[in-house]
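Reader: Can you walk me through the helix packing and the pocket in this one? Keep it short.

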Amino acid sequence: MPDPRKILENRQLGIFGKLLQDPNLWHLNRRSVSGAVAVGLFVMYLPPLGHLFMAAGLAIAARVNLPISVTLIWISNPITIPPMFYGAYVLGCWLLDQPVVGFDMHFWIDWRNWLAVLAPLLLGSLVCATLCSVAGYLTIQALWRWKLMREIQRRRARYRAATSAPSSSRQR
């Protein structure tokens, strides 16, 4: 985990001021981590304009782990953005019952065609963001519970082993 003081000193996040001093933004518990994953995965699928500020603002509003939510937005990077957003565009076209435009270079270079692509892209991005967010939240919740149950089983096994063993050599 990054040091909270370094994040508090970040000039870009300075617009949030005193809000960054909420201790809930730095805790690692099931609610905070699963919420942060949901926030990060949701913002990751939105068009890349101000991801850092959106993720930080949503994390602060939801009072979930700030470093995790801000870190997860970097899943969308120059390598992953084209397949992510083309998939979102195809999904949006399918939902709006519009034809999908393939990789015709003349179509994509002309900026006037971008308005026709914007509606399916935004709809597909919103659907993908929501699905990824819910899936990430539920996955973290399930993994956290599974780990907790394993730890409880280990403790019970240690306790049974400690109570069933004789306490001294004379009792054998």
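Author: What follows covers the pocket, then some helix pairs.
Author: This is a predicted model, in which local features need pLDDT of at least 70, side-chain atom pairs count only at pLDDT 80 or more, and totals for chains, interfaces and linings use all residues. Residues are numbered from 1 along each chain as its sequence is written, and side-chain values use heavy atoms, with hydrogens and water left out.

Reader: Fine. What volume does the largest pocket have?
Author: The largest pocket has a volume of about 380 Å³. A pocket here is an open set of points on a 1 Å grid over the protein atoms alone, where a 1.4 Å probe fits, with protein on both sides within 12 Å along at least five of seven lines. The volume is the space filled by probe spheres set on the points, which are joined across faces, edges and corners.

Reader: Which residues line the largest pocket?
Author: The lining consists of I81, P82, F85, Y86, Y89, F103, W108, W114, V117, L118 and L121; a lining residue has an atom within 4 Å of a point. The elements that give two or more residues are α5 (81-96) and α7. The largest share, 5 residues, comes from α5. Helices are DSSP runs (H or I, at least four residues), numbered from the N terminus.

Reader: How do the lining residues divide by class?
Author: Into 11 nonpolar, no polar and no charged. Ala, Val, Leu, Ile, Met, Phe, Trp, Tyr, Cys and Pro count as nonpolar, Asp, Glu, Lys and Arg as charged, and the others, Gly among them, as polar.

Reader: At what angle do α5 and α7 cross?
Author: Roughly 105 degrees, and their axes come within 7 Å. Axes are lines fitted to C-alpha atoms, for helices over the stretch in contact, and angles run from 0 to 180 degrees between N-to-C directions. α5 and α7 are therefore roughly perpendicular (65 to 115 degrees). The contact (heavy atoms within 4.5 Å) includes F85, Y89 and L96 in α5 and V117, L121 and C128 in α7. By class, this contact has 14 nonpolar, 3 polar and no charged residues.

Reader: Switching to α2. How does α2 sit against α7?
Author: The axes of α2 (residues 30-44) and α7 (residues 114-164) come within 7 Å and cross at roughly 160 degrees. That makes α2 roughly antiparallel (over 145 degrees) to α7. The residues of this contact divide into 11 nonpolar, 6 polar and 3 charged.

Reader: And what about α2 with α3?
Author: α2 and α3 (residues 51-62) pack at about 150 degrees, with their axes 9 Å apart. They are therefore roughly antiparallel to each other. R31, V39, V43 and M44 in α2 meet H51, M54, A55, L58, A59 and A62 in α3.

Conventions
Parallel < 35°, antiparallel > 145°, perpendicular 65-115°, else oblique.
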